[in-house]
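Thank you all for coming; I would like to take you through one structure this morning, slowly and part by part. Please have a look at it first, and then we will start with a single place in the chain.

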Amino acid sequence: MSQTARTRPEGSRIVLSEAYDTALLDLDGVVYAGGHAIAHAVESLGTARSGGMHLAYVTNNALRTPDAVAGHLTELGIPTGAADVITSAQAAARLVSEQVPAGARVLVIGGEGLRVALKERGLEPVESADDGPVAVVQGYGGPDMAWGRFAEACFAIARGVPWFASNTDLTIPSARGIAPGNGAAVEVVRIATGAEPQVAGKPLPPMHRETILRTGAERPLVVGDRLDTDIEGAFNGEVDSLLVLTGVTDGAQLLAAPPEHRPTYVDADLRGMLTGQPEVTPVEGGFGCGGWTAAVRGQELVLDGEGDAMDGLRALCAAAWTEAGDGKCTLDGEKALSRLGL
């Protein structure tokens with residue numbers, strides 16, 4: 001994928017699950033929500049897998065171990081082995097291991113996923129700043145994380161040891177709504193210490209490197225629902241991406257996306273992996289896709305025609321992104337999106 005500003009979603013005459021050898025799939029908002037499978041996810045992933053596509057699940061959540069994640073997916077009807085799950089805890093553990101001596105003690109502010117990942121790299125997790133850690137690694141520890149854990153991190157960082165974070169997502173989806181994520185907890189430690197952590201998770205390069213090392217993907221397709229982690233991570237890794245609208249991103253956010261947040265492809269859900277993607281083409285006064293034409297009139301995005309809502313959204317993306325260039329589109333697209341039910 002080129003690092004120049006994308007001005008429209010791309011088309012593909014080849015079914016995506018055949019055009020790419022590996023799908024690097026986000027979990028929350030893509031495969032499941034609130035622990036339950038998202039509509040069409042199980043069937044779509046099964047079809048892609050049976051057609052020869054390798055499925056790998058890439059998550060910024062450092063709480064659960066790969067074994068636990070794989071078990072959950074298998075229970076949902078998506079047979080998965082632990083080797084096909086890549087977590088930000090693993091990326092963080094590799095980052096730490098490259099900067100501290102073998103067998104070193106590392107203070108863990110987080111859950112079991114981090115402890116297992118550190119042990120996998122030959123490091124010793126410890127619980128207190130008084131245990132002689134040579135580094136601090138912080139990851140999401142669940143909603144019941146004790147406040148004293150943040151104090152332990154601060155004590156160790158004040159003594160000069162390096163600080164690592166699995167990710168800095170400010171929020172995390174839950175069955176009851178949006179909850180504070182690891183990024184919110186990282187801010188607590190940052191404010192108290194004035195320090196800055198080295199961050200491993202999406203959208204930064206350590207996570208992409210970990211994913212490629214573990215999957216061996218040669219033609220990967222990142223599949224996600226978040227512009228600021230999944231799509232930006234694909235942009236940073238210079239690989240193609242598919243945004244699905246089953247999670248946090250809505251049509252307005254997509255139209256306003258700056259270059260690093262513009263996906264290669266857009267579709268409603270994971271069924272988009274099992275099809276080609278329609279071309280978006282310049283037409284007189286705008287851009288066309290399917291039965292729709294999108295254009296800029298004054299300070300507004302307008303949409304004419306009829307047909308599949310996703311085609312209309314793709315055409316609107318082309319109009320918005322072309323107008324924005326290297327920036328962020330500020331045109332009003334509310335009426336056009338409402339025509340699509342988005």
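Predicted model: local features only at pLDDT ≥ 70, side-chain atom pairs only at ≥ 80, totals over all residues.

Let us begin with histidine 40, which sits in the loop between β3 (36-37) and α2 (41-50), where helices (H or I, at least four residues) and strands (E, at least two) are DSSP runs, numbered from the N terminus. The phi of histidine 40 is near 75°, a positive value in a residue other than glycine. Histidine 40 counts as partly exposed because its relative accessibility is 33%; buried means under 20% relative accessible area, exposed over 50%, and partly exposed in between, with a 1.4 Å probe and protein chains only.

Residues are numbered from 1 along each chain as its sequence is written, and side-chain values use heavy atoms, with hydrogens and water left out.

A positive phi is also found at glutamate 238, about 60°, although this residue is not a glycine, and glutamate 238 belongs to the loop between α9 and β14. While we are on the backbone, please also note the cis peptide bond that joins lysine 202 and proline 203, with omega about 10°; proline 203 lies in the loop between β12 (198-199) and α8.

Now to the sheet. Strands of a sheet pair through backbone hydrogen bonds, either parallel or antiparallel. Here we have an open sheet of six strands in the order β5-β4-β1-β13-β14-β15, with parallel pairing, where two strands pair if DSSP finds at least two bridges between them. At the edges are β5 (85-87) and β15, each of which pairs on one side only. Neighbouring strands of this sheet are turned by 25° against each other on average, direction ignored; the axes here are lines fitted to C-alpha atoms, for helices over the stretch in contact, and angles run from 0 to 180 degrees between N-to-C directions. Between strand β14 (residues 240-244) and β15, which run parallel, there are three bridges, and leucine 242 has tyrosine 265 in β15 as its bridge partner.

Tryptophan 147 counts as exposed at 64% relative accessibility, whereas phenylalanine 150 is buried, with a relative accessible area of 9%.

Finally, the spaces in the model. On a 1 Å grid over the protein atoms alone, a cavity is a set of points where a 1.4 Å probe fits but cannot get out, and a pocket is an open set with protein on both sides within 12 Å along at least five of seven lines; lining residues have an atom within 4 Å of a point. Grid points are joined across faces, edges and corners, and a volume is the space filled by probe spheres set on the points.

By this rule there is one cavity of 30 Å³ or more, and the largest cavity has a volume of about 130 Å³. Of its 16 lining residues, Val58, Lys202, His208, Thr211 and Val222 are the closest to its centre. Which element gives the most to this lining? The answer is α9, with four residues.

The largest pocket has a volume of about 1,000 Å³, and among its 47 lining residues Asp28, Asn61, Tyr140, Ile172 and Pro173 lie nearest its centre.
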